[in-house]
Amino acid sequence: MAQKQIDIVSEIMGLDSNIRRYLKRVERSLIVSIPIMMDDGKLQIFEGYRVHHCTVRGPGKGGIRYSPEVNLDEVKALATWMTWKCSLLNLPLGGAKGGVCVDPRKLSKNELERLTRRYTSEIINIIGPDIDIPAPDVNTNAQVMAWIMDTYSMNKGRPVPGVVTGKPIEIGGSVGRESATGRGMFYVLEALCNKLNYDLKSMNIIIQGFGNVGGWIADILYTYGSKILAVSDITGGIYSENGLDIKELLEWRNQGKFLRDFQKTNYKHIGNDEFFSIKCDVLIPAALENQITKVNADQINCKIVLEGANGPTTPEADKILHSKSIYVVPDILANAGGVCVSYFEYIQDIHSYFWDLDRVNKELKKIIVNAFENVFTISKEKNLPLREAAYIIALSRVAKAVEFRGFFP
Ligand code: NAD
């Protein structure tokens, strides 16, 4: 999918074929073995990855994912999308990503810590504030980042907070980082609604995924006054035509409980397969990639798809949505608030000077709305979907940097 997108946009842009071939490859991939002595005394060996797609514009940046589905190809695609995301926001960073093939729910806290520390030790030579700065992604969080920061710092013999972002505030994290992806999505959605003369407050929203991204955007939109008709997690969805009480559902989730077990009068449980057919104004996929496909795209009945997850829409589904005049706000724009505030965290760590929430949110809004304006303008000028417009901007910047630097030696 990531490579197909490069081909589609390269054709439209008439991109030099050498640069196109170069950008379809990743700079480096590291595959590591992670042997962990489990609590029961048995050794288990996990596989981990860290990939740098392109560091031509700056050090690599990208999350670390813990999931049984993680594989090298997935991490390569995610690293590629990070390159475009950083470029689209004009951050001086490149694209990277990491992952460990593990189901963290089956590990005790001690096992998870050992896994994280061993994984960090295995990738230590290709991460660092000047090389590649990891962050949280699916199933990783501030605690995991703290273990990475500590392992790296112990090895270097000095505190190095700038090695990861998404850390706890107490050890150099930024205020507003946890909510940043959701907040950025809100700013982009608000800006698009302004362009289209839609009243965001009166819109009906459905959200797939109720983790960091899905939970925050649900909370922000609910607090703003929009109606959240349905949310889902890995166990299924929950729906109410009168709108859900998101605060109550977040409380439930924060106790480690799943949506399938939540009961309330007038709330209906729905399977993940029927979720996308709910009629709404805004559909927000915020779970995993490859969720909107040619199989279910036809059932989608909304005005806007706001991509919270990375790569949730396949190119075939994209065409179907476009033919139905649905605006698809691409992941590299919609969910870029996370990497943007990660960049702020990195700057704050380097300067050892920390901002307040007001400044973080203001700077985020400025950068992400500016990126949105650029994308919207190109999309109108060239009569292209928002994704293609976003890719044109992102790829052009990277291609120019490659041209200036040339191919070493
Ligand atoms: P998370 O682990 O906090 O949450 C994932 C959610 O998706 C969970 O509620 C899980 O139950 C649900 N889920 C998993 N499979 C599902 C399925 N088949 N149907 C419905 N729900 C399902 O992860 P996250 O950090 O919220 O990331 C979600 C997506 O957003 C990923 O694609 C990630 O790469 C992307 N993303 C995350 C950030 C960030 O700051 N965390 C930033 C940009 C993009």
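How much space lies in the largest cavity? The largest cavity holds about 40 Å³ of space. The model is predicted: local features need pLDDT of at least 70, side-chain atom pairs count only at pLDDT 80 or more, and totals for chains, interfaces and linings use all residues. Residues are numbered from 1 along each chain as its sequence is written, and side-chain values use heavy atoms, with hydrogens and water left out.

The structure holds 1 cavity of 30 Å³ or more. On a 1 Å grid over the protein atoms alone, a cavity is a set of points where a 1.4 Å probe fits but cannot get out. A volume is the space filled by probe spheres set on the points, which are joined across faces, edges and corners. Lining residues have an atom within 4 Å of a point. For the largest cavity these are Cys54, Val56, Arg57, Thr83, Ser87, Leu93, Gly94 and Val398. They divide into 4 nonpolar, 3 polar and 1 charged. Here Ala, Val, Leu, Ile, Met, Phe, Trp, Tyr, Cys and Pro count as nonpolar, Asp, Glu, Lys and Arg as charged, and the others, Gly among them, as polar.

The second largest pocket holds about 550 Å³ of space. Of its 22 lining residues, Asp318, His322, Pro385, Leu386 and Glu388 are the closest to its centre. A pocket is an open set of points with protein on both sides within 12 Å along at least five of seven lines. The lining of this pocket comprises 10 nonpolar, 5 polar and 7 charged residues. With 5 residues, α9 gives the most. Helices (H or I, at least four residues) and strands (E, at least two) are DSSP runs, numbered from the N terminus.

The ligand has 23 residues around it, with Asp137, Thr181, Val213, Ile234 and Asn310 nearest. A residue counts as near if one of its heavy atoms lies within 4 Å. This shell divides into 8 nonpolar, 11 polar and 4 charged residues. Elements α7 (212-224) and β7 (227-233) each supply at least two residues of the shell. Domain 1 (14-160) and domain 2 (180-334) each give at least three; the bounds come from an automatic or database domain assignment.

Polar contacts are pairs of N or O atoms within 3.5 Å. A polar side-chain atom of Asn310 lies 2.8 Å from an oxygen atom of the ligand. For a polar backbone atom of Ile234, the distance to a ligand oxygen is 2.9 Å.

Terms used. A polar contact is a pair of N or O atoms within 3.5 Å; within protein, one must be able to donate a hydrogen and the other to accept it, and residues adjacent in sequence count only if both atoms are side-chain atoms.
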